[in-house]
Amino acid sequence: GQGPRTWLARGQRRGLSVPVGPEHSLDLGGIFPPLATPFSPMQEVDYAQLEGNLRRYAKVPFRGASGGVCALANVLGAPLCQLDHLCRKGHWQEARDLQHRLIEPNTAVTRRFGIPGLKKAMEWFGYYGGPCRAPLAPLSPPQVEELRGAFSANGWL
């Protein structure tokens, strides 16, 4: 048949090239959905978010994956590596404390200000994100101050 496994196996043999034709498509959205942090900036568990994450995770067709796509790693790579290290060593209280300091800046460079916010934060930490390309616009001065607040309130600036 033409089920997902057959298509993926054939795609792997072809170097994951996308077949031509309207009957073929590749939707990775259901394979590994994004999971947002279940903590609020006030260090409280957001049970609605946690429940949503559990529902999304239950739909993942495989188990054992680790990792993530972390925009914040472009800015605060060392603290994120430290968070991973603390978790692997079982230092849960230290990991929790660090996680809570990362929540607000992470939200700021993802959901709140997106790519323009990430590029501005990269500048502050000595990296080059480059100018925003259309249709994205750079942050306005009030947005820059709000972004700065998310980092400074958590001890990063």
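I take helices (H or I, at least four residues) and strands (E, at least two) as DSSP runs, numbered from the N terminus. With that in hand, I placed Ala73 in the loop between helix H2 (47–58) and helix H3 (77–89).

**Entry: ground rules**

I am working on a predicted model, in which local features need pLDDT of at least 70 and side-chain atom pairs count only at pLDDT 80 or more, while totals for chains, interfaces and linings use all residues. Residues are numbered from 1 along each chain as its sequence is written, and side-chain values use heavy atoms, with hydrogens and water left out.

**Entry: the whole chain**

I looked up the secondary structure and found six helices and zero strands, which read along the sequence as α-α-α-α-α-α. For burial I use relative accessible area, where buried means under 20%, exposed means over 50% and partly exposed is in between (1.4 Å probe, protein chains only); on that scale 27% of the 157 residues count as buried. The protein exposes about 10,800 Å², of which carbon and sulfur atoms supply 58%; accessible areas come from the Shrake-Rupley method with a 1.4 Å probe, and for residues only the protein chains shown count as cover. With contact meaning heavy atoms within 4.5 Å, I noted that among contacts between residues at least 6 apart in sequence, 53% join residues at least 24 apart.

**Entry: Ala73**

**Entry: H3 against H4**

For helix pairs, axes are lines fitted to C-alpha atoms over the stretch in contact, and angles run from 0 to 180 degrees between N-to-C directions. I sort the angles as roughly parallel under 35 degrees, roughly antiparallel over 145, roughly perpendicular from 65 to 115, and oblique for the rest. H3 and helix H4 (residues 92–112) pack at about 155 degrees with their axes 8 Å apart, so H3 is roughly antiparallel to H4. The crossing of H3 with H4 is left-handed, a term used if the near helix is turned anticlockwise from the far one by less than a right angle, with right-handed used if clockwise. On the H3 side I listed Pro79, Leu80, Gln82, Leu83, Leu86 and Cys87, which meet Trp92, Glu94, Ala95, Leu98, Gln99 and Leu102 of H4. These residues divide into nine nonpolar, two polar and one charged, where Ala, Val, Leu, Ile, Met, Phe, Trp, Tyr, Cys and Pro count as nonpolar, Asp, Glu, Lys and Arg as charged, and the others, Gly among them, as polar.

**Entry: H4 against H6**

The axes of H4 and H6 come within 7 Å and cross at roughly 150 degrees, which means that H4 is roughly antiparallel to H6. Glu104, Pro105, Ala108, Val109 and Arg112 in H4 meet Glu146, Leu147, Ala150 and Phe151 in H6, and this contact divides into six nonpolar, no polar and three charged residues.

Ala108 of H4 counts as buried at 0% relative accessibility, and, leaving out residues up to four places away in sequence, Ala108 touches Phe113, Gly114, Leu147 and Ala150. Phe151 of H6 also counts as buried, at 0% relative accessibility, and with the sequence neighbours up to four places away not counted, its contacts include Leu72, Val75, Pro105, Ala121 and Trp156.

**Entry: H5 and what surrounds it**

What angle do the axes of H5 and H6 make where they cross? Helix H5 (residues 114–124) and helix H6 (residues 141–152) cross at roughly 60 degrees, with axes that come within 11 Å, so H5 is oblique to H6. The crossing of H5 and H6 is right-handed, and its contact is made by Gly117, Lys120, Ala121 and Trp124 of H5 with Val144, Leu147, Arg148 and Phe151 of H6. Buried residues in H5 include Gly114, Pro116, Leu118 and Met122, and the cover over the buried residues of H5 includes H4 and H6. Just after H5, Gly126 takes a positive phi of about 85 degrees. Last, I noted Pro135 in the loop between H5 and H6, where the peptide bond from Ala134 to Pro135 is cis, with omega near 10 degrees.
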